[in-house]
Amino acid sequence: MPSLRNMERRLTQTPEKAAVYNTEIEKLELNGAASKLSTDGGTVTGESWYLVLGTTTVLHWLHSESCCFKVFVGNRVAEIQELTDLKAWHHIDSARNPADDITRGKNLKDLTERNRWTQGPEFLVQPCSNWPSLPAMYSLESDDNEELRRGIFCGMMNPALTKRLSRLH
């Protein structure tokens, strides 16, 4: 959010850049990559974001402590947690995810016609109450553990304690 606020301030100072920015946003809307949200039947305000992920693994990472992960993932998770409201993140299943169309064997002709690839998923034009709900969260043990930081033990022995322990044996 701080980066977005900074961009808004810069755009108000430079009308030429603001015009280019607005043109690009309009292009994204026309191509279905962005959509103005309606507040009909929902609680979306002018300040709300609806951020969508096609993977429950990353959604779970965002709802976990960033220090639990290896450095690369942990830093990205921490940055996302700092810049966004975690309640804004949602999951879209593969059946409704336009990004999955390209991996499902759709040819270019199919992708150029008016469909969810060019217009976005149908739920975006419906009231917020009809949008996908969050899946049940998974425990770290049952999910992908590859990005988890390994536990390290670092200890120090007290020589006096070591002597006392050795006498016990």
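**Questions about a predicted model**

Student: How far apart are K27 and E24 in helix α2 (residues 15-30)?

Tutor: K27 and E24 are three residues apart in that helix, so about one helical turn separates them. The word helix here stands for a DSSP run of H or I with at least four residues, while a strand is a run of E with at least two, and both are numbered from the N terminus.

Student: What should I know about the model before we go on?

Tutor: This is a predicted model, in which local features need pLDDT of at least 70 and side-chain atom pairs count only at pLDDT 80 or more, whereas totals for chains, interfaces and linings use all residues. Residues are numbered from 1 along each chain as its sequence is written, and side-chain values use heavy atoms, with hydrogens and water left out.

Student: What makes K27 and E24 partly exposed?

Tutor: Buried means under 20% relative accessible area, exposed over 50%, and partly exposed in between (1.4 Å probe, protein chains only). K27 has 43% relative accessibility and E24 has 39%, so both count as partly exposed.

Student: What makes D101 and R116 a salt bridge, and which parts does the pair tie together?

Tutor: The closest N and O atoms of D101 and R116 are 2.5 Å apart, which meets the rule for a salt bridge. D101 lies in the loop between β2 and α5 (108-112) and R116 in helix α6 (residues 116-119), so the pair ties together parts that are 15 residues apart in sequence. D101, with a relative accessible area of 5%, is buried, whereas R116 is partly exposed at 24%.

Student: What makes H90 buried, and which residues are in contact with H90?

Tutor: Its relative accessibility is 15%, so H90 counts as buried. Contact means heavy atoms within 4.5 Å. Leaving aside neighbours within four places in sequence, H90 is in contact with Y50, L51, V52, L53, L59 and L134. H90 itself lies in strand β2 (residues 89-91).

Student: Where is T84, and what does T84 touch?

Tutor: T84 sits in the loop between α4 and β2. Not counting residues up to four places away in sequence, T84 touches L51 and W89. The C-alpha atoms of T84 and L51 are separated by 9.3 Å, although the two are 33 residues apart along the chain. With a relative accessible area of 23%, T84 is partly exposed.

Student: How many helices and strands does the protein chain have?

Tutor: The protein chain has seven helices and two strands, which run α-α-β-α-α-β-α-α-α from the N terminus on. Buried residues make up 22% of its 169 residues.

Student: How do you know where confidence is lowest and highest?

Tutor: Look at pLDDT, the predictor's confidence in each residue, from 0 to 100. Helix α1 (residues 2-13) is lowest, at a mean of 71, and helix α4 (residues 71-83) is highest, at 88. The protein chain averages 76, and 76% of the residues score at least 70. Over residues 138-142 pLDDT stays under 50. Where pLDDT is low, the predicted coordinates should not be read in detail.

Terms used. A salt bridge is a side-chain nitrogen of Lys or Arg within 4 Å of a carboxyl oxygen of Asp or Glu.
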